[in-house]
Amino acid sequence: MANFDVFNGDADGICALHQLRLAEPRDSVLVTGVKRDIALLRNVSATAGDRVTALDISLDKNRDALLSLLAQGAEVTYVDHHFAGDIPAHPALRAVIDTAPGTCTSLLVDGMLAGRYRAWAVAAAFGDNQAESALRAAAPLNLSEVQLTALRELGECLNYNAYGDSVEDLHFHPAELYRQLHGYADPFRFMSEAPAFATLKRGYNADMGMVHALVPPWVYPGGAVYLLPNLPWARRVSGVFGNHLAQIEASLAHAVLTHKPDGGYVVSVRAPLDNPGGADELCRQFESGGGRKSAAGINHLPESEVERFLALFSSAFMGVRPSCLSELISPYGGELVNLMAEGARRDALLHEAATLPALTLNPRQLCDLELLLNGALSPLRGYMCRADYQGVVTDMRLADGSFWPMPIVLDVTETLAPGSRVVLRDSGGSALAVLTVDESWPADKVLEARQVYGTDLADHPGMAFLHSLGSHYAGGLVEGLNLPHRADFTALRLSPGTLRERFARAGRSRVVAFQPHHIMHRAQFEFTRHCAAENDAGLLIQAFADELPEPQYFTRMRCYQALLPYYPAGLAELSLLPLASRPAGVRAVLWQAIVARNYGCSHFIIGGDAGAGEMRRGSDALAPGQILPLAEHFAAIGVEAIVFPRMVYAPDLAQYLPEEYLPAGQASAVLSAQDLRQRLDDGREDIPHWASFPEVVAELHKLRPMRMQRGFTVFFTGLSGAGKTTLSQALDLKLMELTGRPVTLLDGDVVRTLLSSGLSFSKADRDLNIRRMGFIAGEITRHGGITICAPIAPYRETRQAVRDMISEWGGFFEVHVSTSLEVCEARDPKGLYAKARAGIIKEFTGVSDPYEAPHNPEVSINTGDVGVEEAVARIVHTLQAAGYLA
Ligand SMILES: Nc1ncnc2c1ncn2[C@@H]1O[C@H](COP(=O)(O)OS(=O)(=O)O)[C@@H](OP(=O)(O)O)[C@H]1O
Ligand SMILES: Nc1ncnc2c1ncn2[C@@H]1O[C@H](COP(=O)(O)OP(=O)(O)O)[C@@H](O)[C@H]1O
């Protein structure tokens with residue numbers, strides 16, 4: 001005779017079995033699964049005389065299997081509180097089924113056991129979101145508040161463990177969790193002693209932290225529908241989250257849609273706690289739906305059924321709810337400017353544009369124009385005229401007295417006639433806008449550098465920026481014809497209008513802006529999430545899209561995209577910001593805050609970008625003493641400033657926090673950008689999860705593969721006849737032997753006959769020759785290839801330029817073939833030295849032209865002393881030591 005204990009994997013199923021087996025111990029086969037796995041009886045192969053106990057799984061969903069077990073002669077005890085339909089009458093079936101909203105299976109078992117082990121039933125009732133029933137059942141136990149709270153926590157944690165798409169998502173297989181429980185008759189001892197409980201509690205807190213600031217994408221008068229991403233934490237918390245919502249807003253119904261790994265959604269529905277009914281009816285209208293009156297779910301809701309579900313949900317729960325109108329921050333100056341011409345006006349302008357003089361905008365000017373056209377620079381309606389410009393430069397005020405920190409003018413190379421009209425084009429010739437010139441004047445860059453960029457220094461980046469501008473400025477109104485054409489990440493190029501609409505639809509009244517220039521790691525993620533939660537706000541990540549499309553840019557964007565699913569669903573929006581940044585310290589920050597406001601943001605995070613060194617704090621983004629005056633200016637802008645603190649990770653607390661809040665004695669950890677780079681270079685997988693997300697690290701690995709997979713260039717330099725060609729050819733063969741990768745050999749002679757034919761041996765031509773070679777080597781290195789260059793390359797400065805160009809993409813190894821002039825001349829393999837000495841060849845390196853030996857080459861080889869094999873071995877060794885060869 002065999003025993004089978006079949007039970008739902010949630011708190012109610014596990015506790016019900018635990019109570020029963022404490023009272024009536026029995027060796028049994030355990031049959032269970034994730035909470036949604038309710039058709040469990042079919043997994044039981046019992047025969048005559050076997051005893052089957054089924055707990056907390058709907059009889060209706062197990063009807064066929066039950067009938068077949070009974071037909072086999074098994075004896076079945078069935079205890080449950082879910083929809084049962086007709087209960088079969090059979091002498092071998094003992095059914096204790098009650099579908100009343102206030103009960104649960106553990107309470108039914110508790111009734112069967114006359115209250116023995118009641119505390120477990122209380123925990124289960126809490127876990128099943130039946131707090132009132134739990135308290136009623138607990139009354140005779142005379143528990144303290146602390147004990148009641150503990151039982152609630154126990155129920156919630158046990159219940160939480162059961163949610164997931166499959167048992168892989170769970171912390172414990174429910175059968176294993178039951179076994180862990182089994183040693184404890186006293187739930188309080190279980191909580192204080194069992195490591196399993198500590199694990200669940202930690203997991204629960206971490207997962208609930210993720211949903212803390214969720215905002216529902218669908219809101220109805222009677223309830224709200226939330227969306228969770230396709231990630232294990234989301235699958236784990238989906239059901240518990242429903243209970244949590246039910247408790248915090250008892251008058252409303254809630255549904256949580258969780259993306260499933262293979263498409264579609266798992267759905268949890270909770271009826272309002274104040275009026276518990278209707279959840280099961282709603283869910284049963286879908287093929288895989290079922291449950292109880294107050295809490296029900298759908299195992300698989302296909303994408304195509306979402307609309308139908310939303311319609312049924314909103315009509316099932318028609319309660320009255322105060323409408324939550326969005327009170328998004330207004331645009332700066334009150335109104336969102338839209339400079340795009342439409343309809344007949346646009347047609348007329350397009351027609352006129354064909355006849356107008358044109359200005360072709362550079363990438364920076366394109367960014368400025370795009371922000372003007374889409375309203376991000378509201379209330380500006382064009383480029384500033386002189387009075388506005390001067391007010392802004394000297395006093396941060398427009399002519400009308402309103403605050404504005406950054407000059408926005410069109411820089412040109414000569415004065416434009418007032419009243420004239422100019423068409424602004426992109427480099428492809430598309431007409432973007434028509435400017436009516438109001439004023440044009442010569443730029444006073446010295447004044448602007450001092451006032452706006454706070455500098456007189458020639459090498460200040462602000463000065464370089466100003467010098468990149470034309471010598472004159474023009475101001476005047478702009479009418480838009482086309483937004484600058486952008487081919488990359490088009491779905492992320494959202495205008496202020498579009499974003500405002502999205503925020504309003506989501507019922508947002510507050511939005512925090514974060515404008516990163518660099519990759520966001522865990523510290524940035526945690527702080528931004530925290531800011532949004534603390535301010536009951538959404539988050540807008542405004543990724544700067546102002547650089548030329550370098551590979552780093554694409555990596556950056558892909559990293560932001562990879563990060564998004566980690567935010568609670570609906571919390572964060574990612575959008576590209578076509579803002580050409582200015583190295584103007586405080587003024588730049590203030591300007592960017594105005595732009596953020598126009599995009600709908602009420603809060604603005606200052607600093608926090610993970611730059612070349614370590615993560616920059618808000619205070620590091622600005623010079624000391626600049627933070628305080630900011631407050632006043634932010635007040636003028638109407639946006640709340642949040643200064644990014646130095647975030648540290650506290651391993652013992654398993655969380656990030658600002659360093660200043662780190663409790664005394666707590667250890668802290670920070671992974672510096674340098675350390676991260678080093679680990680990436682070494683191909684190490686051990687980048688801690690607290691430092692960055694694996695998806696982000698994977699993107700970085702793509703951009704910066706480990707050295708072994710990266711391209712490199714071996715650059716020989718030395719006199720004619722020194723042995724460059726001989727060594728490079730031998731190295732070429734060796735590298736192919738060792739790596740199996742193709743190698744490109746660019747010999748001085750060969751390059752001169754093909755790429756640089758016609759070039760002389762003057763200094764200028766030699767430089768050009770080497771730069772060409774360097775460019776090609778750089779391209780090959782960039783794409784992960786191996787290149788060997790073997791020119792004379794007599795000038796140090798040129799070799800350094802090539803080194804700089806190539807090191808950006810991969811390894812650069814300078815090999816000085818230092819064979820002496822005497823030896824080279826004695827060899828004179830091509831008879832060139834003889835000709836040079838005879839004056840037949842002019843400007844011959846070493847004889848009548850200079851050779852600047854390298855100061856710090858990676859390798860130095862004098863082929864007068866060192867044989868070819870030994871020389872190649874030395875180079876290979878250097879490449880290995882640097883990690884580029886195995
Ligand atoms: N005036 C003069 N000076 C130096 N070399 C001369 C000159 N005229 C011709 N040659 C031949 O050109 C080869 C050097 O070309 P490179 O392109 O390597 O020279 S450079 O790096 O641009 O200085 C060099 O090849 P190698 O002997 O292999 O070095 C010479 O064969
Ligand atoms: N150890 C050595 N390494 C390289 N070349 C050597 C060595 N010993 C003698 N030679 C000879 O020196 C000459 C070097 O010429 P080459 O490789 O064309 O020099 P480069 O390319 O620097 O002008 C060849 O004739 C080569 O056979």
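In this predicted model, a nitrogen atom of ligand 2 lies 2.8 Å from a polar backbone atom of Val866, which falls within the limit for a polar contact, a pair of N or O atoms within 3.5 Å, where within protein one must be able to donate a hydrogen and the other to accept it, and residues adjacent in sequence count only if both atoms are side-chain atoms. The protein covers 73% of the 560 Å² of accessible area that ligand 2 has on its own, with areas taken from the Shrake-Rupley method with a 1.4 Å probe. Oxygen atoms of ligand 2 also take part: one is 2.4 Å from an N or O atom in the side chain of Thr725, and a polar side-chain atom of Thr726 lies 2.4 Å from an oxygen atom of the ligand.

Helix 25 (residues 724-739) gives the most to the shell around ligand 2, namely four residues; helices here are DSSP runs of H or I with at least four residues, strands are runs of E with at least two, and both are numbered from the N terminus.

Elsewhere, Asp849 sits in the loop between helix 30 (832-837) and strand 29 (859-861). Asp849 counts as buried because its relative accessibility is 15%, the cut-off for buried being under 20% (1.4 Å probe, protein chains only). The side chain of Asp849 makes a polar contact of 3.1 Å with the side chain of Arg766.

Residues are numbered from 1 along each chain as its sequence is written, while chains are lettered from A and ligands numbered from 1 in the order in which they are written. Because the model is predicted, local features need pLDDT of at least 70, side-chain atom pairs count only at pLDDT 80 or more, and totals for chains, interfaces and linings use all residues, while side-chain values use heavy atoms, with hydrogens and water left out.

Methods: Buried means under 20% relative accessible area, exposed over 50%, partly exposed in between (1.4 Å probe, protein chains only).
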